[in-house]
Amino acid sequence: MNMIPSFSRFALVCAVLGAILASTEEKSAPEVHGIVVANMDRSVKPGDDFFRYANGNWMKRTEIPPDRGAVDVWTKLGDLTDKRTADLVAEIAKSNPPVGSKERKVADLYNSYMDEAGIQSTGLAPLRPHLDAIAAIHDKRELARALGETLRADVDALNNTNYHTANLFGLWVAPGFDDPDRYIPYLLQGGLDMPDREYYLSDSEPMRKTREQYKAHVGNMLKLAGFSEPKARAGRIVELEHAIAEVHRSLADSQDIHKANNKWTQADFRAKAPGLDWSEYFQGAGLSKVESFIVWQPEAFTGESAVVRSAPIETWKDWMAFHLIETYGEVLPQALADEEFAFFGKELSGVPQQLPRWQRAVFVVNGLLGDVVGQVYAQKYFSPEAKARAEAMVANLIAGFHKRIEALTWMNPSTKAEAEAKLSTLYVGVGYPESWHDYSNYEVKADDIFGNLWRGGLSEYRRQVGRLGNAVDKKEWSMAPQTVNAVNLPLQNALNFPAAVLQPPFYDPEAPAASNYGAIGTVIGHEISHTFDTEGRTFDAKGRLRNWWTPDDLKHFEAATAQLAAQYDTYKPFPDLSVNGKQTLAENIADVAGISAAYDGYRASLAGREAPVQDGLSGDQQFFVAFGQNWGEKMRDEALRQEVLTDPHAPARYRALEVRNIDAWYTAFDLKPGEKLYLAPVERARIW
Ligand SMILES: [Zn+2]
């Protein structure tokens, strides 16, 4: 599970569309180390609204830029990192690297994305052979084969948590639930173009309006691509997706590991999910020799397969053609790219204007050749001293976590021993990986952005399929060093902290310990504690899915976490939409536990002394304000709605309120019953 949403939803151009939701702060504040007192609103009582107390003045003077769905501290740092990455790409290009080298691929990929004139003059020609192939399908057998050919490794259930693919299904290759030493195939539901089933099924007024806009958008894309009767086709496509949405598992249920471990052999697909010609599908996907799969949401496979049988073949062909055009809309001629942005940017995220093209090009390079640039980035921006310092802090937090486990009064010794074993064998990657991805099978051409994206998705798919059955590399990373995020990989029992997140404002060697522990310390603690959240606790030290809990301990854990889920259910960003306590539970547990571990680490770092008061704030107060400032954000309503519906993380404004569960926060700010955020001691979620 990652630290913040990465918004990677849309197949291989995911990062491009995801960028719509990214954000930035217009001008940077003057050089300060530690918490930014000028960003606080000290007229607000911390016990009434801690989010505003920590961020209120920043919110008053900050506007969401026209090319953003939101503005926050994460993406401000993301912008700086993207700029540095773009500069590195420019340097690489200037050095005129030899044809075939990985550096040349970076330069060609970036430049082909930037070549707007070339894209305009090529028109729809790159799509043509693919559209012709779809038009030539004339029975359901050929349809099944063609659907299989669209399968990509574009979902990720547990690491970067991306449950969405617009293809019929999505493949995730990862260590096995029952055999964590080998890579096995997981299949996830798919087929929806909009981000989640709720967009198709919700009865609320805003969602019904979005559906109308969507239908118009589908028609517009088909019309621009030269299809006859675009409106009628759009109506049928949306109806088909509605039927798929009805059989989809909800996001909250998809996160329940116990419902995900369903091993199906090839024969099981035919018996349990009749309708789709599975042998043709697996042939098309190049998976016919694979004996079994883990089917994440079996009822969706049964349901979607039945829809393949019941819906007319012409509708399915239109659906395929539309999804193809839609996936590549970003790199098609202007009219299509604009229509694509009008729906996904303006309607779904409320963003009036696109991000600059160079930045979208950086996302594409990061997505398809991330390690090539990442290697150079890490060399230039992450010194051995920075690495050593960050590693020391991580070790300190892990030691603190050991102590917390030892001190738990509710947990039996046998469960504690298992938890300790997990913590002791945790692999922590800091800054950058120990080995780098090889892109030798990826062909990049200087003047062919469509082909570069197409081949990029395919080459990654083949790489993933190629390692099925192979031994797992427990030290493999799932994030590039130039990513402002962090991640826990439960099946590898590993953490990654990329170089880009280990810098100010999260980590600043010149800042007081209070703010470093409150900012990056809580992030590190968050990732460590994913090891023991609702999902993490189901894996053992080897990454195997195994129940190592006594019934009593499990009962306590479930009661404590249910309390936290209920707490988050009460937050209501819209009259028709609440935060989903179950969907966001794992992340909320990680936040509460992360603050606790970081607070312990902070107190330990003082070695019995008290921290100096700064701007009238005690050390403990600075610690909690630093945590609150991690989550300063302003977000457009449409983007917020999308986040609530599709993200395992609660919106940042509610993450800042996790402090309600920490006793030391009450002491630090001298909170009294009756203040809005006050929880009686028994109401505070105490988990780790
Ligand atoms: Zn997380």
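## A buried loop residue

Ala-311 is buried, at a relative accessible area of 11% (buried means under 20%, exposed over 50%, partly exposed in between, using a 1.4 Å probe and protein chains only). You will find Ala-311 in the loop between helix H14 (298-310) and helix H15 (313-327); helices here are DSSP runs of H or I with at least four residues, strands are E runs of at least two, and both are numbered from the N terminus. Beyond its neighbours within four places in sequence, Ala-311 is in contact with Lys-140, Leu-240 and Trp-316, where contact means heavy atoms within 4.5 Å. From the C-alpha atom of Ala-311 to that of Thr-327, 16 residues apart along the chain, the separation is 22 Å.

## About the model

This is a predicted model, in which local features need pLDDT of at least 70 and side-chain atom pairs count only at pLDDT 80 or more, while totals for chains, interfaces and linings use all residues. Residues are numbered from 1 along each chain as its sequence is written, and side-chain values use heavy atoms, with hydrogens and water left out.

## The zinc site

Four residues coordinate the zinc ion at 2.0 to 2.2 Å: Asn-2 through O, His-526 and His-530 through NE2, and Glu-587 through OE. Donors are N, O and S atoms within 2.8 Å of the metal (3.2 Å for Na, K and Ca), and sites may look incomplete because water is not among the atoms. Along the chain, the donors are spaced as N-x523-H-x3-H-x56-E. Asn-2, in the segment before helix H1 (14-18), and Glu-587, in helix H23 (residues 585-606), link distant parts of the chain, 585 residues apart. Both Asn-2 and Glu-587 are buried.

Helix H21 (residues 513-530) packs against helix H24 (residues 619-630) at about 40 degrees, with axes 7 Å apart; the axes are lines fitted to C-alpha atoms over the stretch in contact, and angles run from 0 to 180 degrees between N-to-C directions. H21 and H24 are therefore oblique to each other (under 35 degrees is roughly parallel, over 145 roughly antiparallel, 65 to 115 roughly perpendicular, and the rest oblique). Among the residues of H21 that meet H24 are Tyr-517 and Val-523, and the H24 side includes Phe-623 and Phe-627.

## Backbone points to check

Most residues other than glycine have a negative phi, and most peptide bonds are trans. The bond from Pro-504 to Pro-505 is cis, with omega near 5 degrees. Thr-161 has a positive phi, near 45 degrees, and Asn-493 has a positive phi of about 45 degrees. Asn-493 is buried, with a relative accessible area of 4%.
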